[in-house]
Every structure is written in structure tokens, then in C-alpha cells.
Amino acid sequence: MHFKELSFPTNYIWGAAISAAQAEGAVHIDGKLNSIWDDFSKRKWNLNRKIAHHGISHKPLNSAEFYHNFKADIQILKQLNFKAFRFSTAWSRILPNGIGPINQKGIDFYNQLIDELLENNIVPWLTIYHWDLPVALQKKGGWVNRDILNWFEEFTQVLLHHFGDRVLNWMVLNEPLAFTAAGHFLGVHAPGKIGITNFLKATHHALLVQANTGRQIKNINANFKVGTTFSATYITPYSQKPKDIEATKRADALYNRLFLEPYLGMGLPISELPFLNKIEKYTKSEDNYAFDADFIGIQNYTREVAKHNTWMPYIKAGIVPAEKRNVPITAMKWEILPESIYHILKKINQYPNLPPIYLTEVGAAFKDTVSENGDVNDQERIQFFEKYFQQVLRAHQENYTTEGVFVWSLLDNFEWAEGYHPRFGLVHVDFKTQQRIIKQSGKWFKDFLKS
Ligand code: NOJ
């Protein structure tokens, strides 16, 4: 099937996405102070060997410099025919200490960005938190301190006050499982914390923030569209042995249900993950994880295969790496299986009273190379998108609909623990010269989205 045959509804939203820490650069200028990722990527002794081994180049500092290039980048976005843009606000650019005095230059930057988008008929979709907590708040415990509820409320209030006249679409958190599990249990993402207590506290607070902030935004203006985003992984068992099937259920509860079900008012998946019971200790009577959202954002990149593993603490399930399964993989070593999104949408649609779904990230990293004639011919990425969108349409035909897609990512960017090696962009970035080259996949979108 050729992409011309991919027929999405005419009012479908087509956007591209970036996040602040991954694309803005300019981490130490105009009043911005460090985020936990600026600090984490400097550590020589952290658990993340890739950042440590590649030294200074693998830091948010050296990214695509969107902060200085946003006008030109928005022109590219427009040229590629996207009508929406998902970006996040760097907390420590706006409130350098996390709370307290506002940095006017930070406000000015996002004001200019929003104005520029609107002048170019591109709708802004703002993610409040995409993993870059101010270091000043981390020093007070960050996500494991219940005060994060107040800090987050203050930050949100500042955003609403300054941008709420022009931004209508709000996403509270980006993939909370990543910054709680990778950042607070495994220690491989910032802030590099480990252990079950850190994980459970951070999880409890993130669950509260995603719901409380939704209510806060709606209280200011009921017309705002509010939701939050979730990672979603299609998980299948390694074998049909009952032990592997049970392990898959536990892995699914952790990967896919932990943040979504409480948000939908269904509570924590305690029966598959009994250790979550410990969260009760941190719970107060007023705590409420449920929020009647206007939409949810789903971000699916791959499929994982789960297997019983007695040694894996708490979930007794392990993931069989894609590399060992003899399947096609991306530069992230993630299995390429576009059907995953169909299965995810089918599964999520079993929930009652589901709000509309947006695919708030869709994309893949490949080893892109610039040819002698200056072209980046990323055919694998084009194939990925074609097949992925076919699967989204397959889901639509069965009434598992979505309202829009945000491609991850507009630009090659800082891929967290993986540094700058994996390139996800539709636009190639030379991180030394900041030169942009629209990849063939970018041109594919330009053609596909032309009206
Ligand atoms: C999810 C995250 O939101 C984003 O920051 C990251 O770059 C992509 N996945 C790819 O790993």
C-alpha cells in the first residue's frame, strides 16, 4: 500500500513534537539554571555508561539549539505541512529555582515561540513536564517529596497565567513511568535514584500531579483541553507456559496500567502488582488519582516479550531483548513491529468511558547518514511510518479511533541516556554547525500532508 492510500479523517490533527531538555540547548543562558538532566549527564560516575563514556558532548547543552533557531525550525515545520506542534516548557528556564521568582527571559522565549506558531497557523500543544526538574527542587527531594504537589501547582499557575490566553491544549506529564521507574528505581535516568521506596513515592506523587493539575487547569478555564501522556508497550509472552503468561500480565500491569488506570478512576493494578499496596502509607484522605480528561496521549514505539524470571525483584518477569529474538530493530534496539499500535489501541479501547486518544509520539531512530550530495535518504523511517499508519487505520476501521498524531521528532535530539547517537528527527541536525537537512521522511510528510 502506498501512502497516498492512507486516508485519515479530514479533521485529523497532524503535528510534530520536541521536548525542552532534548532540543532547546541554551541551558546556561538568559537566567536558566540547571535541570536534573543537565546535572545527570555531567556525572562521571553515574550508572549510565553511555553518557559518562562519551563525556561532555552528550548533554542537553549541546542539542539542536532550538532556543536560538526556533523561528527557522517553525518555518521547516510549516514547510512540511504540519498544523500542530507539541513542545514542553523547561521548568528551570521559567522558575530557575523551581518556585519563587520568575525569569522573565524564560517567559519571553515561550511567548515568542507560541506567537510564532500561531502566526504560522500551527496550533501549540504544551507539555508541562517532560522530565527536566529544576536541580533546586531535586535538592529538596524532587518527586519523592510530597511538596512536589505544591511546586507543580505553582509552576502550572505561572504557565496558565502567561500562556493560557493562547495555548488551549495542555498535557500535564510526559510518560510518568519513565521518570519514576528509570529515574527512581533503576537509576539509569535522572535523577539517578534507585530502590522501591523512591519508586513508590515518586509514583504516588506523579499519579496525584497528573490528576490534580488537570483539575487545576479546568478550574481556570473549562474550555481548555487537558490530558496527559502515557507510554504504551505491546507485550506478548515468550512462550505459552502458564508462568510466562502470568509474568506477561505483571509486566503489562507495570508498563501499561500503572498510570493509566488510576487516571481513568480504576485504581492501582494491585492484584498483579501487590507491592503497590505499600503506597497506602503515603496516601492522605484527600488524594484522588482520577481525572475526567479531555484526551489521553498514547506513545507506542515497540513490542516487548516477557518471560518469567524469579530473580527480578517485585515483578518476577524479565524482558527478552529484541536483539536476541531475531527480529528487525531500530537504532534503539527496539523491535520494529508496527502492529503493536493496533494491539495497543484495541486493548485500551476495552476500558469504559475512555476519553479521545491522541498518539502524542510516533517515530523511530535509525542510523541516518548524510550522503555526498547532502541528502539523508531514510527509507527505513518512511517504511516505518507507512506501516504504522496502516495499523492506526486498521484500528480505526474497528472503531478504535484516534484524533491525531505527533511525530517524534521534528529534530534529531538529545536521547536521554542514549546521548546523541539515536536520531529520531524528520530533520537531520549537525550538532556542531547546527545545520539542518530535511530528511526524505520529512519530505514524505510534506507530500502526504499537502492539502
Ligand atoms: C519517549 C520520550 O517522551 C521522548 O523524550 C523520547 O525521546 C522518545 N520516547 C524516544 O525514546
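Predicted model: local features only at pLDDT ≥ 70, side-chain atom pairs only at ≥ 80, totals over all residues.

Me: Why does I114 count as buried?

Reply: Buried means under 20% relative accessible area. I114 is at 0% relative accessibility, so I114 counts as buried.

Me: How far apart are I114 and R146 in space, C-alpha to C-alpha?

Reply: They are 32 Å apart in space, and 32 residues apart in sequence.

Me: What makes β2 and β3 a pair?

Reply: Two strands pair if DSSP finds at least two bridges between them. Strand β2 (residues 84-88) and β3 have 5 bridges, in the parallel sense, so they meet the cut-off of at least two. Within this pairing, F85 stands opposite P124 in β3.

Me: Which strands make up the closed barrel?

Reply: The closed barrel has 8 strands, running β1-β2-β3-β4-β5-β7-β10-β11, with parallel pairing. On average, neighbouring strands of this sheet are turned by 25° against each other, direction ignored.

Me: How do you know that β7 pairs with β5 and with β10?

Reply: Same test, a count of at least two bridges. β5 and β7 share 5 bridges in the parallel sense, and T228 has I296 as its bridge partner in β7. Another 4 bridges join β7 to strand β10 (residues 357-362), again running parallel. There, the bridge partner of I296 is I357.

Me: Why is β7 called largely enclosed?

Reply: Because 5 of the 5 residues of strand β7 (residues 295-299) are buried, the rest of the structure largely encloses it. Both faces are covered: F295, G297 and Q299 are buried on one side, I296 and I298 on the other.

Me: And what makes helix α9 mostly covered?

Reply: For helix α9 (residues 176-184), 9 of its 9 residues are buried. Among them are L177, F179 and H184. The buried residues of α9 pack against β3, β4 (169-173), α10 (196-220), β5 (225-231) and α11.

Me: What is the strand order of the open sheet?

Reply: This sheet of 3 strands has the order β6-β8-β9, with mixed pairing.

Me: Why are β6 and β9 said to stand at the edges?

Reply: β6 (234-237) and β9 (317-320) each have a single partner strand, so one side of each lacks a neighbour in the sheet. The twist averages 40° from one strand to the next. For β6, 4 bridges join it to strand β8 (residues 303-308), running parallel; Y234 has R303 as its bridge partner in β8.

Me: Which helix lies across β6, β8 and β9?

Reply: That's α11 (residues 242-257), running at about 130° to β8. Over on β1, β10 and β11 (404-408), helix α14 (residues 379-397) lies across, at about 165° to β10.

Me: What about the second largest pocket: what is its volume, and which residues are closest to its centre?

Reply: The volume is about 320 Å³. Of the 16 residues that line this pocket, P9, T10, Y12, W14 and L449 are the closest to its centre. β1 (13-17) and β3 (123-129) are the elements that give two or more residues to the lining.

Me: How does that lining divide by class?

Reply: By class, the lining has 11 nonpolar, 3 polar and 2 charged residues.

Notes:
Residues numbered from 1 in each chain as written. Heavy atoms only, no water. Axes fitted to C-alpha atoms, helices over the stretch in contact; angles between N-to-C directions. Contact = heavy atoms within 4.5 Å. 1 Å grid on protein atoms, 1.4 Å probe; cavity = no way out; pocket = protein on both sides within 12 Å on 5 of 7 lines; lining within 4 Å. Points joined across faces, edges and corners; volume = space filled by probe spheres on them. Nonpolar A, V, L, I, M, F, W, Y, C, P; charged D, E, K, R; others polar. Buried < 20%, exposed > 50% of the residue type's maximum accessible area, 1.4 Å probe, protein only.
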